[in-house]
Amino acid sequence: KMNLSERDLLYNWHPYTQHKTAQFHPAIVKGKDALLWDENNNEYIDAIASWWVNPFGHSNQIIADAIYKQLTTLEHVLFGGFTHDKAVLLSEKLMEILPSNQKKIFYSDNGSTAVEVAIKGCLQYFYNKGEKRTKIIAFEDAFHGDTFGAMAASGISFYTEAFKSSLLEVVRVPIPTQGNEQKAIEILENLVKTDDYAAFIFEPLVLGAAGMVMYKPEILEKMITICNQNNVFTIADEVMTGFGKTGKTFATDYLQVKPDVMCLSKALTGGTIPMAITTFCQEIYDGFYDDDVNKALFHGHTFTANPTGCAAALASISLLQTDEMQHNIQRVNASHLAFEEKIKNHPKVATTRVLGTIFALEIKTKTTESYYGTMRTKLFNFFMENGIIMRPIGNIVYILPPYIITENQLQKVYQTIENALEIV
């Protein structure tokens, strides 16, 4: 009799997977808090919160109850031409915690579609005004998703190589990491002067898929200000950073100058139901508010503002706001900082960085490590054998755990990283 992993390979096509060379996929059958179990009852610590979505733990009772209650009341209703209490409540709740310049909320399905809505909103704003601004600005090595607009904005080339000739025109600015700030500022200043650009999209303070590359709030404030002065909208892609990951509710909470648009997903529903949000400042919304129906934003998803997803998000935000969860975020950050002190001078460690619940270290290599190369595979397998789910990015190992991870579990993750350094 075939097990789940064997049956999986008969029909399932997995994301980011070369099936000819891939190994089998462990079949996860149960999750609780920071732990997952496979069909053979092996236990794993989910050290990356299942692609950064699960801050409050697997099978969270509070979120599960909210979802169940909603399913027995109203599971879904179309949002085109209708509304419902959970969407109204969630938008009201978000207005309490978002930067005060965010005034309108557009619902969609996932991080990539949140980015599509943001880009379309900025491009059509200028189209509606009769201005020709058809390009956008993004960071080198950015990742914003896999749909066409989000792909165009992404700078990791092997993701987008096959579609290059079909993409929106995007011009790149270097990530303003230490030492590159001035160069990034100058390039941005020269671009925005041309009146060609509708928007500048960025991952605020941390570029996730690039390997948790970090840069300072002050430099992002400067870049947003330059865009503001030149009538270029700014889009903060907070899909990864949102809802506590950086130590504040949003990464943009570290900024005095706020972006015009924000993209939210991942932890929005506590990792339960696919849902996303794009928030807009009043000015962009007003660019669509017209007697001419053709100036409306003609974008929608069947499950836009799904009531069950909204119920999950409301429960999720209430959990985030508890003193206990805020304390957990601080505790994880303190543990990361202590581990960083211990490991940063290790002979095989090139760099380390910490922000909020995010920890990353770069392993020294003689050659450039490819994203899905041999070192990454070796590390991934080593962590799995030791009961830890991590997805190294080339030679970069990062931790982005559920906030409720225990101290013992965190120490096991750190120890396993130390052990992994001995095998590379």
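A: Helix axes here are lines fitted to C-alpha atoms over the stretch in contact, and the angle between their N-to-C directions runs from 0 to 180 degrees. Helices are DSSP runs (H or I, at least four residues) and strands likewise (E, at least two), numbered from the N terminus. The model is predicted, so that local features need pLDDT of at least 70 and side-chain atom pairs pLDDT 80 or more, while totals for chains, interfaces and linings use all residues. Residues are numbered from 1 along each chain as its sequence is written, and side-chain values use heavy atoms, without hydrogens and water.

The axes of α4 (residues 85-97) and α11 (residues 307-320) come within 9 Å of each other, crossing at roughly 35°. This crossing of α4 and α11 is left-handed (the near helix is turned anticlockwise from the far one by less than a right angle; clockwise would be right-handed).

From α4, the residues in contact (heavy atoms within 4.5 Å) are Lys86, Ala87, Leu89, Leu90, Lys93, Leu94 and Ile97, and from α11 they are Pro307, Cys310, Ala311, Ala313, Leu314 and Ile317. Sorted by class, this contact of α4 with α11 holds 11 nonpolar residues, 2 charged ones and no polar ones (Ala, Val, Leu, Ile, Met, Phe, Trp, Tyr, Cys and Pro count as nonpolar, Asp, Glu, Lys and Arg as charged, the others, Gly among them, as polar).

The loop between α10 (282-286) and α11 contains Ala305, whose phi is near 55°, a positive value in a residue other than glycine. Most residues other than glycine have a negative phi. Ala305 is also buried, at 0% relative accessibility (buried means under 20% relative accessible area, exposed over 50%, partly exposed in between, with a 1.4 Å probe and protein chains only).
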